[in-house]
Amino acid sequence: MKSFARAGTVAVGAVFATIAFNSTPTLAASISISCGAVGAELELCRTGAEAWAKETGNEVVIVSTPNSSTERLALYQQILAAGGDDIDVYQIDVIWPGILGSHFIDLAPYMDGAQGAHFPAIVENNTIDGELKAMPWFTDAGVLYYRKDLLDKHGREVPKTWADLAETARIVLDAERGEGNDRMNGIVFQGRAYEGLTCNALEWIDSYGGGAIVSEDGEVTVNNPQAVAALNEAGSWINEIAPEGVLNYAEEEARGVFQSGNAVFMRNWPYAWSLANSDDSPVKGKVGVVALPKGGADGKSTGTLGGWQLAVAKYSSDPEAAADLVRYLTSEKEQKRRAIEGAYNPTIEALYKDKEVLEAVPFFGSLYETFVNAVARPSRATGDKYNRVSNALWNAAHSVLSGNEDAEKALADLERELNAIKRRGW
Ligand code: GLC
């Protein structure tokens with residue numbers, strides 16, 4: 001058994017729990033897996049891992065990690081740098097194979113070709129120097145949630161552009177506040193200075209045709225008039241249609257406001273769907289989901305590609321059992337369960353045609369193109385420098401949203417900063 005599980009301690013940013021089903025204690029492996037805890041994530045990870053433990057007679061230790069992708073990366077880097085075997089299976093972000101890949105084993109020999117059923121682009125994303133460093137678990141793309149009931153009540157259409165969205169938000173907000181609904185907001189999103197803001201900023205910029213910060217061949221492209229227009233637009237929302245508090249919101253803060261009925265629009269990932277429609281949700285049945293608005297009539301509708309993978313640490317004392325847990329959790333059966341229960345997007349293409357999946361999450365069908373064409377953050381081009389690139393971007397975006405800098409200056413400075421990182425090599 002893992003040392004910290006036995007001690008039952010609560011480590012910095014992590015909680016440990018052990019679940020054992022051991023019919024044959026002497027042979028059983030004890031595998032620990034780090035899972036995210038955003039929304040219903042931890043519970044779904046636990047039930048999946050428990051089912052594997054029961055089926056195989058092994059034992060699993062569930063390690064809960066911080067919600068913020070940025071904090072989770074810092075925690076993983078610390079643990080992996082120490083090289084201990086405390087965590088066998090890591091849930092890793094789609095942007096991390098280049099940063100953390102050297103700590104993980106090649107999973108291909110353990111998967112019997114199962115990776116062939118998953119979206120090839122994600123498998124390729126997870127392949128470094130020919131080694132499959134992680135198996136795709138779920139994919140993600142930013143989408144727009146809206147209150148069907150409020151748009152109907154105030155006679156508004158679902159917005160097609162960000163300008164439409166701002167106008168509709170203003171109208172609905174003023175009317176609702178006029179009726180004494182003081183806590184209503186127009187839009188909530190992820191405006192805190194962390195990885196989530198990078199995702200939102202990339203969506204605004206790409207929707208205006210402003211590119212993906214750094215091009216696939218490593219050129220810094222972020223300083224352009226479309227990107228300036230995009231950030232200015234988002235900056236104009238603060239204290240108008242978005243609460244100032246959004247500058248400190250991550251996914252769950254945005255969901256909290258929207259789900260309690262206090263926002264007309266929300267930018268979030270698909271997971272919020274199941275929770276917004278849960279029995280105790282004040283907005284159950286009142287929510288629609290569409291692709292994010294375009295940046296102007298000539299712009300495009302886009303969502304940032306997100307998602308999580310499962311990887312096995314080189315330091316694991318039982319890589320074979322750990323890889324078996326990964327094989328189980330990334331299987332079609334488990335991805336189907338997670339799609340139905342938690343609106344986690346499968347990475348297995350066939351599940352987007354599954355009747356039960358589409359019944360539970362209709363927009364997996366209607367927004368299929370959004371999911372498969374999502375815009376990737378520049379993690380391939382910038383490799384192990386990606387987190388520094390993203391950090392510079394989210395700081396620039398945050399200072400524009402906060403009104404500390406205009407977008408033109410922020411992006412000119414960002415371009416210089418990114419070129420300086422580039423000169424040291426990516
Ligand atoms: C979601 C995405 C992930 C992204 C994170 C940012 O978890 O799946 O890729 O980095 O949000 O907050």
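The buried residues of helix α10 pack against β9 (143-147), β10 (185-188), α8, β11 (263-268), α11 (272-276) and β12 (287-290). Packing here rests on contact, that is, heavy atoms within 4.5 Å. Helices (H or I, at least four residues) and strands (E, at least two) are DSSP runs, numbered from the N terminus. Helix α10 covers residues 251-259, and its buried residues are E251, A254, R255, V257, F258 and Q259. Buried means under 20% relative accessible area, exposed over 50%, and partly exposed in between (1.4 Å probe, protein chains only). Just after α10, G261 takes a positive phi of about 95 degrees.

The model is predicted: local features need pLDDT of at least 70, side-chain atom pairs count only at pLDDT 80 or more, and totals for chains, interfaces and linings use all residues. Residues are numbered from 1 along each chain as its sequence is written, and side-chain values use heavy atoms, with hydrogens and water left out.

Two packed helices are described by the angle between their axes and the distance between the axes. Helices α8 (residues 195-207) and α9 (residues 225-235) pack at about 125 degrees, with their axes 8 Å apart. That angle makes α8 oblique to α9. Angles under 35 degrees count as roughly parallel, over 145 as roughly antiparallel, 65 to 115 as roughly perpendicular and the rest as oblique. Axes are lines fitted to C-alpha atoms, for helices over the stretch in contact, and angles run from 0 to 180 degrees between N-to-C directions. On the α8 side, A201, W204 and I205 meet A227, A230, L231 and A234 of α9. The contact residues divide into 7 nonpolar, no polar and no charged. Ala, Val, Leu, Ile, Met, Phe, Trp, Tyr, Cys and Pro count as nonpolar, Asp, Glu, Lys and Arg as charged, and the others, Gly among them, as polar.

Strand β13 (residues 305-312) is mostly covered, with 8 of its 8 residues buried. L305, G307, Q309 and A311 point one way, while G306, W308, L310 and V312 point the other way. Strand β5 (residues 89-93) runs antiparallel to β13 and is joined to it by 5 bridges. Here I92 has Q309 as its bridge partner. Strand β8 (residues 135-141) is also antiparallel to β13, with 6 bridges. A141 stands opposite L305. Strands pair if DSSP finds at least two bridges between them.

At 74% relative accessibility, D112 counts as exposed.
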